[in-house]
Every structure is written in C-alpha cells, then in structure tokens.
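Here is a short report for a reader meeting this structure for the first time. Please keep the 3D view open while reading.

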Amino acid sequence: MENEGTVGLDCNFELKEVQKLEGHTDRVWGLAWNPVTGLAGVPSVLASCSGDKTVRIWQQAAATGSWECKAVLDETHTRTVRSCAWSPSGKMLATASFDATTAIWENVGDDFECVATLEGHENEVKSVCWNSSGSLLATCGRDKSVWIWEVQPGHEFECVSVLQGHTQDVKMVLWHPSIDLLVSVSYDNTIKIWAEDGESDDWHCVQTLGDSFSGHSSTVWAVSFNSTGDKMVTCSDDLTLKIWDTSLDLTASGSDSSGLWRHLCTLSGYHDRTIFSVHWSRDGVIASGAGDDTIRLFKEIPSDVVNGPSYNMICKKEKVHSMDVNSVQWHPKVPTILASASDDGYIKIWELKAIS
Amino acid sequence: MPARLSFGRWSYSLDNVIVFFREQGKGMVEPKNCVTLVKFLFSLTILHHVRDIKDPEHPYSLEELKVVSEDAIELDDEHNYVRITFTPTVEHCSMATVIGLCLRVKLMRSLPSRYKVDIRVAPGTHATEAAVNKQLNDKERVAAALENPNLVEMVDECLAPTYE
C-alpha cells in the first residue's frame, strides 16, 4: 500500500537540539554509537567519519552531560572515511575508506590503535559492518563486490568470500541483528540478501529485491532492521522509504533462509531530495535523513486487518542542518537520543520529546 | 543609453529588465518586480560563473560550443535550488560526465553552500542520458571523483578561464 505524505499527519513529537559537535573540517558521512555505552554509568560514545579523512570519537561527560571530542583517528586513511562500525563488544572500531582499505582500531584505555588494515577492494570501500557475534565483518564498495571477512585471533582477518552479483557500486552492507544474514543495497537500485550455504560453507545471494518485488526505482542508499529483525526499511534516491518483512523463523538454528522478504509498504511524498540514511530505533521509531536538510520520524500504527500495517509520520524537523543530512543514528541504549551528521561538517545530538 | 551590468570582462544588457518595467506602465518599481529583477540578475550571475568553462576536448568555452546558454539555467531562489541543463556537442560525447563535473565544481565553489544543485544533460541529447544524469547527481561518486588527482587536474584546467 502507499502512504502519501499528506495523509495521516500526526506530528505529536518534536526533536530538540541538545548539542552541536564541531571538529570535522569537511562533510561528515557516517556515525556509529558504541553499543556497550550509555547505561549503568558508562558514558555514551559516538564515532564519526568524514571527508576530512579522519574519524572522531565523542564522549558524553558524566558531570555536565555535554559532548566532547576524546580522540581523532588520523594519519591512517589517505582519503575520505565513508563509514564506521563498532564491534558488538565495543572494543573495536572498523572504518571503511575511499582509499580502498578498511582499518580496524582497538580501544586501549583512552587511545585508539590501528591494529589491522584490510586490503582487497579495487577502489573505494563504502560501508563496513560486524555481524551480531562479532565473528564476521562485511565490506562493500565501488568495485560492485561484497567481501566477508572472518575475525581470527591476533587481529587477523581472513577473507572467506567475495560476493559478486550487484551490477553497480554497493552503497551499504548490514548484518541481521541476530542471525548471519547479510543485506546489501546498491546504485543498481536493488537490495540483495546473502546467506551461507549450510553444506558448502559458501555464501550466496538468496534473494534480490528489485523491480519484480516492488523495489526501488533509483539508488538504494541505506537499510536498517527493526529490533526483532523481522522487518527492514530501505531508503533511496527515488525519494521513498520501503518497509519489508519476512516469514523467516528467526529462532530456528541453522536458519532456512528461503523464507525470504516481501514488500510491505512504501512511504512516499515526504522527502523531496535523496534520502541518504534511515535508522530504526529500539522503540520502533524510524528516522530518515535526506538531501532536503530534513529529518522525519515514522511509527507503525496499530495493524489494520484489511490493509496491513501502515506508518505515520510523527515528526518532521526541517533545516536540521544547513546542508544535506548524511546519517541519522538512534542511541542503542537510550532510544530517545538521535545523532545526525551533515555535509555542513557538524554532528548534532537530538532528544525526542512528546509535545504535551 | 542602455543599462549594462559588468562582471570582469563580461557586460550584460539589462534591456530585458528595462522593457519589463516599461511594460508595467508605471514609474514605480513594485516590490514584486524587484523580486523578478533579483532573479534575473541571479540567473545571469550563474551563467556568468559557468559560460567561460573550457570544453575538456576543445579550445572553446562551453558557451561558444552552445553546451550552456541562458536557457540552461533554472533557478528557484526561494528554495535555494539551481538546475543546469547542458547540451553535449555530440550524442556519444565521452566527456559529458567531465563537463557535468566541471559545472558542479564551479557552482560548488561559487554559490553559497545552502544551494541544492542538479546537473543534467538536455533530454534526448546523449546516448546514455539516464546513466550520465545518475552519476552526476550521486554526491558520493562526485566526492570520490574529486579525490582523483588526474580528474581534479582536468577539471581545474577547464575552470581556469572562469577565474581570469
């Protein structure tokens, strides 16, 4: 079904700016919250990566609650750092760069040390992601391929598979939150689902969500799963968000991935420039950030038996930055905190509040 | 004496604007006409920024080759939006993406950063129109291209006459 932008506007939430983080000297492309921070007295930690070739680590000060830059990871990547991702333990940070490498950083005390450099992609690496157990890493890039790396003792990373299938550059890779299922999205307008073949230990594409699946009609920029992993959302240059769901039995071990994904609904008529980022919060709120300098938030409304689920926009915040919004990321532990990154070189921390 | 507006070696006739005001038949300039005047001047400014860009393959400017003209520029100042539609010299022009990149870089350097810019080839003027347009408007690809020293050198060479 279609959700038009003018239907069911129910903007009863607002985003309040908490702080603007200044430091990068070029556009900020990506953000990643350290997954083990932000609760039980452990201060929240956020990593950001930029066209200035650096990664910055930001930490919330316990006393004041304000955010400070704790570390600048530089002199390793020689070109734009496009994407960054924390390992599930929060001890390692992977950074993907246009310099064709992926760097692995270890957090030692207050310092970050580059402990490995993954080489193999022919040119720009655009995205990196750890699986839920931290045993595998996926990367993708302009060379149209997706690489899967196995994490071995002693900071060794062995490439276990090079997945070909996309016909254009691959914009982002994302692991499922609980099982070893990988999703990639591409400039070729498709979404591909990859899984390991139980018998041959080889990875292959189990589904391509394109035209015949009511897929996107232009570049797919990003994908995010809901907390249970039975739905995902994608965003695109076609100005839409699409929600997908699966009949996969996520509790079954040795998962049969043939359950596959189907198009559930399309959210169109909201953003009027390319949607670069989408992220689903633990509380079920979808945030989208776009080239129209706007962040929008959507929430599923109670299921309608006839039409199936639909999604209402609950907040629209214009001019969140003075240029394109490249990344929106919900805090993993405090689901009312959102971070955004922009071409204007700034990162902003937002708090989601109900309008009373 | 016709009114003219000069930027560097270029001088623009303001006859169109004068005619426009004369047709209003009033001595007063109304605020809405001021908006029109500002728009007109702004689109001239944009043309001014790009007309002298040198073609990557020829010793001529984009304007001399009729790759860009006044009609090529669409402006929505209220929404900080600019679109340039350029016309490659031949249908199979292999330099179309480089020309588009030159236009984009020139505007990135000249316009305030709040402007959203779309660059496209004129409909029906290039064999791989959709592919060229998609590439020129993918900012990640543009960013990557602008980290390629050979390509940047080529773009800078084409832009050099615009800074003279």
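The model is predicted.

**Chain B in outline**

Chain B holds six helices and five strands. Along the sequence they follow the pattern β-β-α-α-β-β-α-β-α-α-α. Chain B has 164 residues, and 43% of them count as buried. Take the contacts in chain B between residues at least 6 apart in sequence: 60% of these join residues at least 24 apart.

**The sheet**

Three strands of chain B form an open sheet in the order E3-E4-E5, with mixed pairing. Which strands lie at the edges? They are E3(B), residues 73-76, and E5(B), since each pairs on one side only. On average, neighbouring strands of this sheet are turned by 15 degrees against each other, direction ignored. E4(B) and E5(B) run parallel and are joined by six bridges. Within this pairing, Tyr81(B) stands opposite Lys116(B) of E5(B).

Two helices pack on the sheet. H3(B) touches E4 and E5 of chain B, and its direction makes about 150 degrees with that of E4(B). H4(B) also touches E4 and E5 of chain B; its direction makes about 160 degrees with that of E5(B).

Start with H4(B), residues 129-136. Its buried residues are Val132(B), Asn133(B) and Leu136(B). They lie on the same side of H4(B), because they cover an arc of only 95 degrees around the axis. An α-helix has 3.6 residues a turn, so residues three or four places apart point the same way. The cover over the buried residues of H4(B) includes E4 (81-86), H3 (96-110), E5 (116-121) and H5 (139-145) of chain B.

H6(B) spans residues 149-159, and Val155(B), Cys158(B) and Leu159(B) are buried in it. They too cover an arc of only 95 degrees around the axis, which puts them on the same side of H6(B). What do the buried residues of H6(B) pack against? They pack against H3 of chain B. On the other side of H6(B), Pro149(B), Asn150(B), Glu153(B) and Glu157(B) are exposed.

| Helix | Residues | Buried residues |
|---|---|---|
| H4(B) | 129-136 | Val132(B), Asn133(B), Leu136(B) |
| H6(B) | 149-159 | Val155(B), Cys158(B), Leu159(B) |

**Where chain B meets chain A**

At this interface, 16 residues of chain B are in contact with 26 residues of chain A. The two chains bury about 1,600 Å² between them, and 41% of that is on carbon and sulfur atoms.

How many salt bridges does the rule find across the interface? It finds eleven. A salt bridge also joins the side chains of Asp118(B) and Arg273(A), at 3.0 Å from N to O.

**A hairpin in chain A**

E11(A) covers residues 125-130. Six of its six residues are buried, so E11(A) is largely enclosed by the rest of the structure. Five bridges join E11(A) to E12(A), residues 136-141, and the two strands run antiparallel. Cys129(A) has Ala138(A) in E12(A) as its bridge partner. The hairpin of E11(A) and E12(A) has five residues between the strands, and Gly134(A) takes a positive phi near 80 degrees there.

Note on methods: Residues are numbered from 1 along each chain as its sequence is written. Chains are lettered from A and ligands numbered from 1 in the order in which they are written. This is a predicted model: local features need pLDDT of at least 70, side-chain atom pairs count only at pLDDT 80 or more; totals for chains, interfaces and linings use all residues. Side-chain values use heavy atoms; hydrogens and water are left out. Buried means under 20% relative accessible area, exposed over 50%, partly exposed in between (1.4 Å probe, protein chains only). Helices (H or I, at least four residues) and strands (E, at least two) are DSSP runs, numbered from the N terminus. The arc is that of the directions from the helix axis to the C-beta atoms. Contact means heavy atoms within 4.5 Å. Two strands pair if DSSP finds at least two bridges between them. Axes are lines fitted to C-alpha atoms, for helices over the stretch in contact, and angles run from 0 to 180 degrees between N-to-C directions. Buried area is the accessible area (1.4 Å probe) that two parts lose on being put together, summed over both. A salt bridge is a side-chain nitrogen of Lys or Arg within 4 Å of a carboxyl oxygen of Asp or Glu.
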